[in-house]
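Please open the model in your viewer and keep the selection panel at hand.

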Number of protein chains: 2
Amino acid sequence: MREVYVVGAGQSDFGAFPDESYRSLFATAFEAALDSVDGELDRTAIDEAFIGTLGVGGRQLGLSGPSVTEYVGLHGTSCTRVENACAAGGAALRQAVGSIRAGMADVALAGGVEIMTDMSGDRTRYWLGVSGETEWERMAGTTFAGVYAQMADAHMAEHGTTREQLSRVAVKNHANGAKNPHAHLRFECSLDDAVNGTAVAAPLNLYDCCPTSDGASAVLLASRAVAEGLTDDPVQVTGSGQASGRVGLFQRPSLTSVPATKAAARQAYDDAGVGPADIDFAEVHDCFSIAELIAYEDLGFCETGEAGAYVESGATDPDGERPVNLSGGLKSKGHPIGATGTGQTVEVFKQLRGEAGDRQVAGLERGLTHNVGGSGGAVAVHVYEGGWA
Amino acid sequence: MREVYVVGAGQSDFGAFPDESYRSLFATAFEAALDSVDGELDRTAIDEAFIGTLGVGGRQLGLSGPSVTEYVGLHGTSCTRVENACAAGGAALRQAVGSIRAGMADVALAGGVEIMTDMSGDRTRYWLGVSGETEWERMAGTTFAGVYAQMADAHMAEHGTTREQLSRVAVKNHANGAKNPHAHLRFECSLDDAVNGTAVAAPLNLYDCCPTSDGASAVLLASRAVAEGLTDDPVQVTGSGQASGRVGLFQRPSLTSVPATKAAARQAYDDAGVGPADIDFAEVHDCFSIAELIAYEDLGFCETGEAGAYVESGATDPDGERPVNLSGGLKSKGHPIGATGTGQTVEVFKQLRGEAGDRQVAGLERGLTHNVGGSGGAVAVHVYEGGWA
């Protein structure tokens with residue numbers, strides 16, 4: 001199997017940008033990725049591109065992948081749009097990894113883009129709702145926050161997870177995101193703020209929920225032969241896993257675990273030849289605070305039911321045993337649906353190369369990204385390692 | 001590189017089915033594909049699935065891939081939705097081929113589904129329009145038929161292509177489709193009918209345009225090791241090519257050629273180690289009659305400008321040198337967007353195995369599928385060969 005390396009990664013700011021288009025945002029991310037390559041990589045060297053976007057808004061709906069890559073001068077390059085709701089970016093990354101492994105590309109682009117803030121409140125709820133199960137969840141009136149609220153409620157009842165433990169996720173991720181110049185909500189919050197936020201869907205409050213963001217991200221992948229010609233500081237994608245699960249939460253055996261995360265993680269760990277204990281740091285899908293806690297358990301970072309105590313122990317703080325969401329996560333950095341998955345890769349790339357500025361953690365060797373579609377209908381997990389294999 | 005074989009392929013009827021859902025239609029196609037496998041293939045053996053759908057209607061918009069595969073008992077199987085407008089199915093097929101070549105799957109599913117007839121006329125025009133360029137074509141009032149009408153007009157002006165030659169495409173494809181039990185418009189038409197059809201977008205009339213269809217298709221792919229355990233009558237995918245082009249027709253250097261078809265075909269031919277002269281038969285993307293003629297030229301079946309004479313010569317009739325659209329093509333078989341690409345593979349699979357019933361052509365050894373998104377913003381081309389490599 002051919003080795004696959006990340007040779008460049010970049011993103012736009014995440015936030016609300018009424019003067020930008022989905023094309024201009026993607027161009028910003030793409031040029032940043034190209035600029036981050038150590039050597040000279042001409043864009044015409046890209047053999048194949050994969051763009052993750054949900055794109056239910058009023059813009060290009062068909063050919064929404066090629067319509068952004070043509071804007072950055074890649075109109076001759078094959079582009080495929082992939083959509084797995086909020087895991088669209090992770091799925092795009094997996095396709096790009098597969099394309100290089102299969103020998104169908106030597107250089108591949110994976111990226112994502114979303115414009116979400118041009119809709120009013122009702123439309124935004126619709127936007128997010130489409131990633132829930134349509135017939136029996138959304139049409140019955142369940143919001144996306146409502147789905148995760150059920151998971152939080154159940155986790156508190158089954159495992160004694162506390163209000164403060166949920167809020168610890170928000171405090172940690174805002175503290176990290178405050179150091180990230182690309183973050184949407186670039187401010188710290190206190191535990192008191194986070195515990196007493198305005199109710200959204202009980203038990204979740206405003207500080208338990210990620211924002212609605214515009215943004216784009218892009219990752220350049222290459223075969224070993226190409227990567228060797230470009231850099232002395234490589235980041236290898238050693239493991240790729242993806243799994244699906246019941247789209248509707250109500251059809252799953254448990255409200256407190258996401259089977260697709262477990263399955264995707266097992267695949268990615270096996271692919272990389274490692275286990276959870278080998279992961280130094282991770283970017284996990286914290287669309288809601290409870291999602292990060294459940295991810296700890298499903299990824300094997302702690303035992304089932306102990307995620308609340310785990311975050312409270314400081315284990316996932318920047319100076320803990322396994323920092324999580326050093327970028328600020330979806331909570332603070334933002335969550336422009338299709339751009340989120342490859343945005344996670346941007347952070348891992350920077351941390352493994354020592355380029356993460358004020359939020360750099362020393363000594364990191366192996367990272368993981370975890371990207372969830374819907375409430376667990378599709379999950380992509382990737383493992384990365386600094387240096388040549 | 002690992003060899004990839006089609007071990008099963010099936011489709012639903014294409015047509016208007018007000019009593020079906022996108023899920024039930026896909027289930028029909030999937031079960032037909034599973035039933036077509038010579039040996040016993042358990043659905044749990046499928047490692048990864050790719051579903052092509054445009055899906056701009058009122059149903060599941062996020063996670064639209066996993067939402068159909070879970071319905072056929074594959075909720076534990078990774079599924080990724082791919083969308084490249086009308087080439088979504090071809091792109092799904094390419095991802096499945098890549099997954100097996102990369103060693104990420106031993107058995108992969110590629111399929112597609114679309115429900116289009118539940119919308120009224122205005123909405124249907126919108127539906128198709130979204131595959132055109134949004135900002136400068138669709139918003140300016142250009143319909144999808146209008147885009148292809150410009151190509152037809154230019155081909156007639158540049159190359160002397162006649163009204164009768166355009167209509168020969170419709171006559172041939174309806175004659176073929178009349179023999180296909182799954183076809184949407186299962187009737188023959190005379191040259192006189194086709195020449196005198198009601199105007200749609202001059203010079204294109206009703207007989208130059210494919211219908212708006214509901215339908216689904218599914219293809220099961222396997223590594224050689226798995227395929228050897230299942231069948232003595234294999235169909236290999238020997239070549240895969242995909243390319244993008246300017247989404248807007250107005251941004252391309254010529255109105256009478258599709259650069260993405262040329263690039264995808266070159267890739268697929270190189271991948272298979274063949275040239276156009278080696279292709280015995282093909283399913284090409286005849287969303288409009290002119291599209292089939294331009295495809296002949298771009299795929300290298302005839303010289304530039306000679307497609308009108310080529311179809312008139314009978315070369316692409318069932319008893320000609322290179323039969324095209326034995327299934328009836330999009331024109332007669334129907335065009336349920338996401339289902340079209342893998343639907344083409346169903347016909348090639350059947351013809352190469354001698355299972356095409358009344359429309360079987362004897363002695364076919366190598367086939368090609370050509371699936372176009374929009375007016376050429378993305379194109380997938382695949383080459384197939386009967387027997388073991």
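Which residues of α10(A) are buried? Those to select are A:A260, A:T261, A:A263, A:A264, A:A265, A:Q267, A:A268, A:Y269, A:D271 and A:A272, where buried means that 20 or more other C-beta atoms, placed from the backbone, lie within 10 Å of the residue's own. Before going on, note that this is a predicted model, in which local features need pLDDT of at least 70 and side-chain atom pairs count only at pLDDT 80 or more, while totals for chains, interfaces and linings use all residues. Residues are numbered from 1 along each chain as its sequence is written, and chains are lettered from A and ligands numbered from 1 in the order in which they are written.

Now select the whole of α10(A), residues 259-272, a helix in the DSSP sense (a run of H or I of at least four residues; strands are runs of E of at least two, and both are numbered from the N terminus). Its end C-alpha atoms are 20 Å apart, in agreement with the 20 Å that its 14 residues should span at 1.5 Å a residue, the expected span being 1.5 Å times one less than the number of residues. Around its buried residues, display β8 (235-244), α11 (289-298), β10 (366-373) and β11 (378-386) of chain A, against which they pack. Just beyond the helix, A:G273 has a positive phi of about 70°.

Next, select α11(B), residues 289-298, where 10 of the 10 residues are buried, so this helix is largely enclosed by the rest of the structure. Its cover includes α6 (144-159), α7 (163-177), α10 (259-272), α12 (307-312) and β10 (366-373) of chain B. The helix is followed by B:G300, with a positive phi near 85°.

Zoom out to chain A, which has 14 helices and 11 strands. Of its 389 residues, 67% count as buried, and its C-alpha atoms fill a box of roughly 55 × 45 × 35 Å along the principal axes.

Finally, turn to the interface, where 47 residues of chain A are in contact with 47 residues of chain B, contact meaning that the C-beta atoms, placed from the backbone, lie within 7 Å. On the side of chain A that touches chain B, β3(A) gives the most, with six residues. Select β3(A) together with β3(B), residues 78-83, and you will find them paired in the antiparallel sense over three bridges, pairing being assigned if DSSP finds at least two bridges. Here A:E83 stands opposite B:R81 in β3(B).

Note on methods:
A residue is buried if 20 or more other C-beta atoms lie within 10 Å of its own, exposed if 12 or fewer, and partly exposed in between; C-beta atoms are placed from the backbone. Two residues are in contact if their C-beta atoms, placed from the backbone, lie within 7 Å.
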